[in-house]
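Hi,

Here is the structure I promised to pass on. Have a look at it first, and then read my notes below.

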Amino acid sequence: MLITFDKTIGRSEVNYGYINLTTDNGITHGGEFPPSNTPLLIFTGDRNYKASINTSQNQIWGGLRRWFRDENIYQGDKIRITYDTILPQIDGRVRIDISIIDRAELSIITPVEAMLTETKDEDERVAEVNMQMENDLENFLIDNLHLIDPDLKLYRDEQGKSGRQFWTPIGEIDILCKKKNDFVVIELKKGRSSDKVVGQISRYIGWVKENIAKDNNTKGIIIVHDFDPKLKYAVLANPNIDLKYYQIKIDFVTEQDVLNKND
């Protein structure tokens, strides 16, 4: 069976990096897709992205943050989603195709997004590098949680949903971990203001405590590169939040090294 429909991307989808499986006239298609937490492979022309689905909430999550960035997706862009149920899985993942069928008029792009599209070439290159470095840092942390704390393990819920980019009704946690029976919320500062990142991780700690951890302890760790005195004192005021700094070492590699890593 072939399932295909068009929809317009909304502001929330852009902000939180997900796609709602509802058409513009309110028809929901989540029930026609594989069950929740099924691994997906999103095809968008010459790129593909790993993702997962939450049919109870009618949404696709996962690697779509990169898709929004790579394809320059904005609020108001119209896309076509296609799911062919008879296509074979690819490395254990169900194939979903997404294509852009209409770009939004500039007038409905948010002011911040419009400013980004008008930056100079050098600024765009810097922004692209920063986003790639942030993604690489997150990948590194997932694979090396023991460097933060030897007892840290990536959290998985009862349905097998990973703690990476862990969705909650109040936002998406960068990394949710367990330390034995306790829970640890990890947030990368990612250029956010000190007050904003402390407020955000405090909110996540409270949500995890109430909805998942229950009687177990919940703490937070903010990962940051540059020393920030404002962040230091904001964290000192909250005993449930720790601050960790990281350093970056740059190695120069061959083209083949890069291709091998991408494979």
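Strands β4 (residues 47–54) and β5 (residues 59–62) run antiparallel to each other, paired over four bridges. One of the residues to look for here is Ser52, whose bridge partner in β5 is Trp61. Bear in mind as you browse that this is a predicted model.

That pair belongs to an open sheet of seven strands with mixed pairing, and the order across it is β1-β6-β7-β3-β4-β5-β2. The edges are taken by β1 (2–8) and β2 (19–20); each has a single partner strand, so one side of each has no neighbour in the sheet.

Next, the nonpolar cores. The largest one has 23 residues, and Phe33, Leu40, Ile42, Ile60, Trp67, Ile81 and Ile96 have the most contacts inside it. At least two residues each come from β1, β3 (39–44), β4, α2, β6 and β7 (94–102). Apart from this core there is another, of 19 residues, including Phe183, Val197, Val198 and Ile222.

Ile81 deserves a click of its own. Setting aside neighbours within four places in sequence, Ile81 is in contact with Ile3, Thr4, Phe5, Lys7, Ile19, Leu21, Phe33, Ile96, Asp97 and Ile98.

Then there is the second largest pocket, with a volume of about 230 Å³. Its lining is made up of 16 residues, and those nearest the centre are Asn37, Asn54, Asp157, Lys161 and Trp167. Both β4 and β9 (164–168) give at least two residues to that lining. Sorted by class, the lining residues are six nonpolar, eight polar and two charged.

Asn37 turns up again for its backbone. Most residues other than glycine have a negative phi, but Asn37, which is not a glycine, has a positive one of about 70°. You'll find Asn37 in the loop between β2 and β3, and its relative accessibility of 24% makes it partly exposed.

Lys180 is another non-glycine residue with a positive phi, in this case about 60°. Lys180 sits in the loop between β10 (171–179) and β11 (182–188). With 66% relative accessibility, Lys180 counts as exposed.

From Tyr74 to Asn15 is 59 residues in sequence, yet their C-alpha atoms are 9.6 Å apart in space.

Cheers

Technical notes. Residues are numbered from 1 along each chain as its sequence is written. This is a predicted model: local features need pLDDT of at least 70, side-chain atom pairs count only at pLDDT 80 or more; totals for chains, interfaces and linings use all residues. Side-chain values use heavy atoms; hydrogens and water are left out. Two strands pair if DSSP finds at least two bridges between them. On a 1 Å grid over the protein atoms alone, a cavity is a set of points where a 1.4 Å probe fits but cannot get out, and a pocket is an open set with protein on both sides within 12 Å along at least five of seven lines; lining residues have an atom within 4 Å of a point. Grid points are joined across faces, edges and corners, and a volume is the space filled by probe spheres set on the points. Ala, Val, Leu, Ile, Met, Phe, Trp, Tyr, Cys and Pro count as nonpolar, Asp, Glu, Lys and Arg as charged, and the others, Gly among them, as polar. A nonpolar core is a set of buried Ala, Val, Leu, Ile, Met, Phe, Trp, Tyr and Cys residues joined through side-chain atoms within 4.5 Å. Buried means under 20% relative accessible area, exposed over 50%, partly exposed in between (1.4 Å probe, protein chains only). Contact means heavy atoms within 4.5 Å.
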